[in-house]
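Hi,

Here is the structure we talked about. Please have a look, and then read my notes below.

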There are 2 protein chains.
Amino acid sequence: MSTADLFGYIAATLTSAAFIPQAWLTWKRKRTEGVSLGMYLIFTAGVSAWMLYGILLNSGPIILANTFTLVLALFILVMKIRYG
Amino acid sequence: MSTADLFGYIAATLTSAAFIPQAWLTWKRKRTEGVSLGMYLIFTAGVSAWMLYGILLNSGPIILANTFTLVLALFILVMKIRYG
């Protein structure tokens, strides 16, 4: 694996995994006033576009990383809509 | 531009721009209890790794999109550390 690829995989893992503590905090608090609805609406749209990009390029890692991120972002979005 | 590239640019724009409403909300409220410190620590590390990936690949769009996202994510991180 090239050095660039290595950084790419580290980057994808971190930017996807980052949403785990936010999802957990949101689940624990059941309060989301400080979480931006606009952010999660735009972000889930963006991650969906990344998935489509991965599908068009037939790139397993892009599809995988973005499916994982999409699940977490959708979870936070649903919590935001539910708890306001 | 290929269809895949088009979706890639749309995706990059959305996942970067998504942090604008969160940065704005954080700035307006001066309260960040619902924002996860862990998320922004991991996310800024991840975006920094994406920048390095872009630099290694000499990819202008990757560097540009991630510099923009990094500024916003760092801003939210600093607000989180300041307001707790």
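Where in chain A is the place of A:Met1? A:Met1 sits in the segment before helix H1 (3-17) of chain A. Helices here are DSSP runs of H or I with at least four residues, strands are E runs of at least two, and both are numbered from the N terminus.

First, the ground rules. This is a predicted model, in which local features need pLDDT of at least 70, side-chain atom pairs count only at pLDDT 80 or more, and totals for chains, interfaces and linings use all residues. Residues are numbered from 1 along each chain as its sequence is written, chains are lettered from A and ligands numbered from 1 in the order in which they are written, and side-chain values use heavy atoms, leaving out hydrogens and water.

**Chain A overall**

Chain A has 4 helices and 0 strands. Its pattern along the sequence is α-α-α-α. The C-alpha atoms fill a box of roughly 45 × 25 × 15 Å along the principal axes. Of the 84 residues in chain A, 44% are buried. Buried means under 20% relative accessible area, exposed means over 50%, and partly exposed is in between (1.4 Å probe, protein chains only).

**Surface**

Chain A exposes about 4200 Å², and carbon and sulfur atoms supply 73% of that. Areas come from the Shrake-Rupley method with a 1.4 Å probe; for residues, only the protein chains shown count as cover. A:Met1 is exposed, at 75% relative accessibility.

**Salt bridges**

Side chains of opposite charge can pair when their charged atoms come close. The whole structure holds 4 salt bridges over all chains. The cut-off is a side-chain nitrogen of Lys or Arg within 4 Å of a carboxyl oxygen of Asp or Glu.

- A:Glu33 bridges to B:Arg29, with the closest N and O atoms 4.0 Å apart. A:Glu33 lies in the loop between H2 and helix H3 (37-57) of chain A and B:Arg29 in helix H2 of chain B, so this pair joins two chains.
- B:Glu33 bridges to A:Arg29, again with the closest N and O atoms 4.0 Å apart. This pair also crosses between chains, from the loop between helix H2 (19-29) and helix H3 (37-57) of chain B to helix H2 (residues 19-29) of chain A.
- A:Arg31 meets A:Glu33 at 2.9 Å, N to O.

A:Arg29, B:Arg31 and B:Glu33 are linked in a network of salt bridges. A:Arg29 is partly exposed at 23%, and B:Glu33 is partly exposed at 25%. A:Arg31 is partly exposed too, at 44%.

Best wishes
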